[in-house]
Amino acid sequence: MMSSFVGNEQGYCPSCRCRTAVVLDRATGDTICTECALVLEERYIDETSEWRTFSDAGTGEDHDDPNRVGGRTDPFLGYAQLGTVIATAKRQMNAGANAGTSLPQVHINVGSGQDNTLVDSFHAISDMADRLGLVATVRDRAKELFKNLEEANKLCPRGRKREAAYAACLHVACLNEGKPRTLKELASVSHVGKDGRKEIGKVVKIIKELLGEQAGQAMAADYMTRFGSQLGMDRPELLAAKEAARRLEMNLDVRRSPQSIVAAIIYMVLQRTGADKSVRDVSTATGVAEATIKETCKELTKHTELLFSS
């Protein structure tokens, strides 16, 4: 009869008043001191995997995890997330498995083709969101927008236009959540080609027109903390830049994009504080061309007293 006691680990025993060898009684879940038989812990919960592997390859780290518990459910999917796929013999042979013990060629998948396509699209959106450091609320809002577009049958089924749709949904979701990202940033994490920003912009218009989506308006101050942090600005510098952006939006009508305005204000603040940052450094951090920053600074210089007076 196989013993129910396993392990030979060290633990502190209050009765022996020292560290002693302890064993786990699998039948009762008790951790017991091997010196005095005192029960140190009751009803131990084994948090390791419940499965056992009987293949020739053993149970090393290189082996696939055969767990039977999937990830969290996605509220934007139907049954695709519950699908089950049994590997075919061909797949197992390609993976190096023993063909003599391979499973029959069976493929089971619960869910429609549309749901399966959405799974791939949602994975792509999640990947882009992770690369941009976006929070879950933005990611989930982008998924919802994309699903609505799919149901309206207004998207190209594959290729760069689909990538542009992912980015556009994220763009609108970011605006709605008050965490805007520039089209250039979104294009950098998608495969949309050199005209990516134009393609993303087109889909953004479709989202607004087709779905009646009211995307928020990005303000210069929304970009300030993120861009300023990338340039190593300290708290007083960031506060001065935010205050300048607030005064500009309240008192001036500058026909420049929010990104251009924030880049110019950051550069002006850095110059006023004597920071060792060039216009090229600001351009790299913000994604705004050096010439645009200089031109915007030239426009704002005449309003220096308004923007920076204490």
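Visitor: Which residues does L134 touch, not counting those up to four places away in sequence?

Guide: L134 touches A129, L170, C174 and R181. Keep in mind that this is a predicted model.

Visitor: Where is L134, and is it buried or exposed?

Guide: L134 sits in the loop between α2 (113–132) and α3 (136–151). It counts as buried because its relative accessibility is 11%, and the cut-off for buried is under 20%.

Visitor: How far is L134 from R181, in sequence and in space?

Guide: They are 47 residues apart in sequence, and their C-alpha atoms are 9.5 Å apart.

Visitor: Back up a bit. What is in the protein chain overall?

Guide: The protein chain has twelve helices and four strands. Of its 310 residues, 36% are buried. Taking contacts between residues at least 6 apart in sequence, 56% join residues at least 24 apart.

Visitor: Salt bridges next. How many are there in the whole structure?

Guide: A search of the whole structure gives ten. One of them joins the side chains of R139 and D140, at 3.2 Å from N to O.

Visitor: Are R139 and D140 buried, partly exposed or exposed, and why?

Guide: R139 is buried because its relative accessible area is 18%, under the 20% limit. D140 has 23%, so it is classed as partly exposed.

Visitor: What about R255 and D253, buried or exposed?

Guide: Both R255 and D253 are exposed. Their side chains meet in a salt bridge, with 3.1 Å from N to O.

Visitor: Which residue does E295 pair with?

Guide: E295 forms a salt bridge with R256, and the closest N and O atoms are 3.5 Å apart. This pair links distant parts of the chain, 39 residues apart. E295 belongs to helix α11 (residues 290–301), while R256 is in the loop between α8 (235–251) and α9 (258–273).

Visitor: How accessible are E295 and R256?

Guide: E295 has 42% relative accessibility and counts as partly exposed. R256 counts as partly exposed too, at 26%.

Visitor: Tell me about R247. Where is it, and is it buried or exposed?

Guide: R247 is in helix α8. With 17% relative accessibility, it counts as buried.

Visitor: What does R247 touch?

Guide: Leaving out residues up to four places away in sequence, R247 touches L252, L306, L307, F308 and S309. For S309, the backbone oxygen lies 2.7 Å from a polar atom of the R247 side chain.

Visitor: How do the lining residues divide into nonpolar, polar and charged?

Guide: The lining of the second largest pocket has eight nonpolar, ten polar and four charged residues.

Visitor: And M219, where is that found?

Guide: M219 is in the loop between α6 and α7 (220–230). It is partly exposed, at a relative accessible area of 35%.

Visitor: Last one, backbone angles. Which residue has a positive phi although it is not a glycine?

Guide: A37, with a phi of about 65°. A37 lies in the loop between β3 (30–33) and β4 (39–41).

Visitor: Is A37 buried or exposed, and why?

Guide: A37 counts as exposed because its relative accessibility is 54%, and the cut-off for exposed is over 50%.

Conventions. Residues numbered from 1 in each chain as written. Predicted model: local features only at pLDDT ≥ 70, side-chain atom pairs only at ≥ 80, totals over all residues. Heavy atoms only, no water. Salt bridge = Lys/Arg side-chain N within 4 Å of Asp/Glu carboxyl O. Buried < 20%, exposed > 50% of the residue type's maximum accessible area, 1.4 Å probe, protein only. Helix = DSSP H or I, 4+ residues; strand = E, 2+ residues; numbered from the N terminus. Polar contact = N/O pair within 3.5 Å; in protein donor to acceptor, adjacent residues only side chain to side chain. Contact = heavy atoms within 4.5 Å. Nonpolar A, V, L, I, M, F, W, Y, C, P; charged D, E, K, R; others polar.
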